[in-house]
Amino acid sequence: MTVKICDAAFDPFVEIQNFQHELALSGKFGATSIFIGTMRDFNEGDNVQAMTLEHYDGMTQKQLTKIIAAAKTQWQILDSLIVHRVGEILPNEPIVLVSVWSAHRSEAFEACRYLMEELKANAPFWKLETLTTNEKRWVSKPINHELSVL
Amino acid sequence: MITLRYFAGLRELLGHSMVQLDIFEPHTVSSVWKLVNPDFKLPENVLTAVNMDYVLPSHVVKNGDEVAFFPPVTGG
C-alpha cells in the first residue's frame with residue numbers, strides 16, 4: 001500500500017507499470033482497477049491556463065493511509081497505489097492516480113471508487129486556478145467569514 | 001506551546017500561515033481561534049484538525065498540539 005505526493009509531472013502508466021513490476025504478487029491478482037484524474041483547461045464556464053495544488057504535508061499522507069486502511073477492512077485487496085500531484089499543474093497533466101489490485105474484479109472496482117471518493121472528501125488538498133484572463137480563484141466554496149459581534 | 005496553522009484561502013484571508021502561543025488554561029479548538037482571531041468568528045464551513053486528524057471545534061487542545069484550520073478540500 002503506497003502513497004506518493006509528487007511535486008513534478010508524473011506518468012501514471014509508468015507508475016503503474018513500475019509498481020506492478022515490484023509487486024510480489026505474480027499469479028495472485030486477477031484484477032487491476034485504475035482511476036486517473038487529469039487537469040482540464042476549463043471549469044465552471046471559464047478557460048483555465050494553470051492550477052496550483054496546495055496540500056497539508058503530513059496530514060495528506062496520514063489521511064490517505066487511513067483511507068487505504070479503511071478500504072482494506074471492506075474489501076479483500078492485495079495492494080494499492082495512490083499518487084497525487086502538488087504544485088504548479090498545466091492542462092492535460094495527471095493530477096491523481098488511484099490503482100487497486102485484487103483477486104477478482106468486484107473488489108478492485110469498488111475499492112478504487114471508494115479510495116477516490118474518500119480522497120476527494122478528506123485529503124487536505126486545495127486547488128487554486130489561474131484563468132486565461134490571469135484571474136486567480138480557489139476552487140473550494142468561499143469561506144463564510146464574518147466579523148465577530150464585539 | 002501550541003501551533004496554529006492556516007491553509008489555502010483561509011491563510012490568504014488572515015494574512016499569515018502560522019501562529020504559536022502558550023496556553024495556561026483549558027482551551028478548545030474554537031476557543032483558541034477566538035483567542036487568536038478576536039475580530040473574526042470561526043467560519044462555519046472551515047474544517048479543523050489537531051495533530052493531522054480531523055476534530056470538531058469542541059475538541060480540547062493541549063500544549064504541543066498542532067491545530068489546523070482550512071477550507072473545504074478540493075483534491076483529486
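Residues 24 or more positions apart account for 55% of the contacts in chain B with a separation of 6 or more. The model is predicted. Chain B holds 2 helices and 7 strands, and 29% of its 76 residues count as buried. Its contact with chain A takes 23 residues from chain B and 28 residues from chain A.

**Chain B: overall form**

- Read from the N terminus, the elements of chain B follow the order β-α-β-β-α-β-β-β-β.
- The C-alpha trace of chain B spans about 40 × 25 × 20 Å along its principal axes.

- Five strands of chain B form an open sheet in the order β2-β1-β7-β4-β5, and the pairing is mixed.
- At the edges of this sheet are β2 (18-21) and β5 (53-54) of chain B, each of which pairs on one side only.
- Strand β4 (residues 47-50) of chain B is antiparallel to β7(B), with 4 bridges between them.
- Within this pairing, Thr48(B) has Phe69(B) in β7(B) as its bridge partner.

**Contact between the chains**

- The contact draws on 28 residues of chain A and 23 residues of chain B.
- On the side of chain B that touches chain A, α1 (8-14) and β7 (66-70) of chain B each supply at least two residues.
- α1(B) gives the largest share of that side, 4 residues.
- By residue class, the side of chain B that touches chain A has 15 nonpolar, 5 polar and 3 charged residues.

**Nonpolar core**

- The largest nonpolar core has 47 residues, and those touching the most other members are Ile82(A), Val98(A), Leu115(A), Leu119(A), Phe7(B), Ala68(B) and Phe70(B).
- Not counting residues up to four places away in sequence, Val98(A) touches Phe35(A), Ile82(A), Cys112(A), Leu115(A), Met116(A) and Leu119(A).

**Chain A: helix α2**

- Helix α2 (residues 59-74) of chain A has 16 residues, and the distance from its first C-alpha to its last is 23 Å, close to the 22 Å expected at 1.5 Å a residue.
- The buried residues in α2(A) are Met59(A), Thr60(A), Gln63(A), Leu64(A), Ile67(A), Ile68(A) and Ala71(A).

**Chain A: strand pairing**

- Strand β4 (residues 46-55) of chain A runs antiparallel to strand β8 (residues 125-131) of chain A, and 7 bridges join them.
- Met51(A) has Glu129(A) in β8(A) as its bridge partner.
- β8(A) also pairs with strand β9 (residues 136-138) of chain A, in the antiparallel sense and over 3 bridges.
- In β9(A), Trp138(A) is the bridge partner of Leu128(A).
- The hairpin of β8(A) and β9(A) has 4 residues between the strands, and Asn134(A) in this hairpin takes a positive phi near 75°.

**Chain A: Arg85(A)**

- Arg85(A) is part of strand β5 (residues 77-85) of chain A.
- Arg85(A) counts as buried because it has 25 C-beta neighbours inside 10 Å, where the cut-off for a buried residue is 20 or more.
- Apart from neighbours within four places in sequence, Arg85(A) is in contact with Cys6(A), Phe10(A), Leu53(A), Pro94(A) and Ile95(A).
- Arg85(A) and Asp7(A) are 78 residues apart along the chain, yet their C-alpha atoms are separated by 5.8 Å.

Terms used
Residues are numbered from 1 along each chain as its sequence is written. Chains are lettered from A and ligands numbered from 1 in the order in which they are written. This is a predicted model: local features need pLDDT of at least 70, side-chain atom pairs count only at pLDDT 80 or more; totals for chains, interfaces and linings use all residues. Two residues are in contact if their C-beta atoms, placed from the backbone, lie within 7 Å. Ala, Val, Leu, Ile, Met, Phe, Trp, Tyr, Cys and Pro count as nonpolar, Asp, Glu, Lys and Arg as charged, and the others, Gly among them, as polar. The expected span of a helix is 1.5 Å times one less than its number of residues. A residue is buried if 20 or more other C-beta atoms lie within 10 Å of its own, exposed if 12 or fewer, and partly exposed in between; C-beta atoms are placed from the backbone. Two strands pair if DSSP finds at least two bridges between them. A nonpolar core is a set of buried Ala, Val, Leu, Ile, Met, Phe, Trp, Tyr and Cys residues joined through C-beta atoms within 7 Å.
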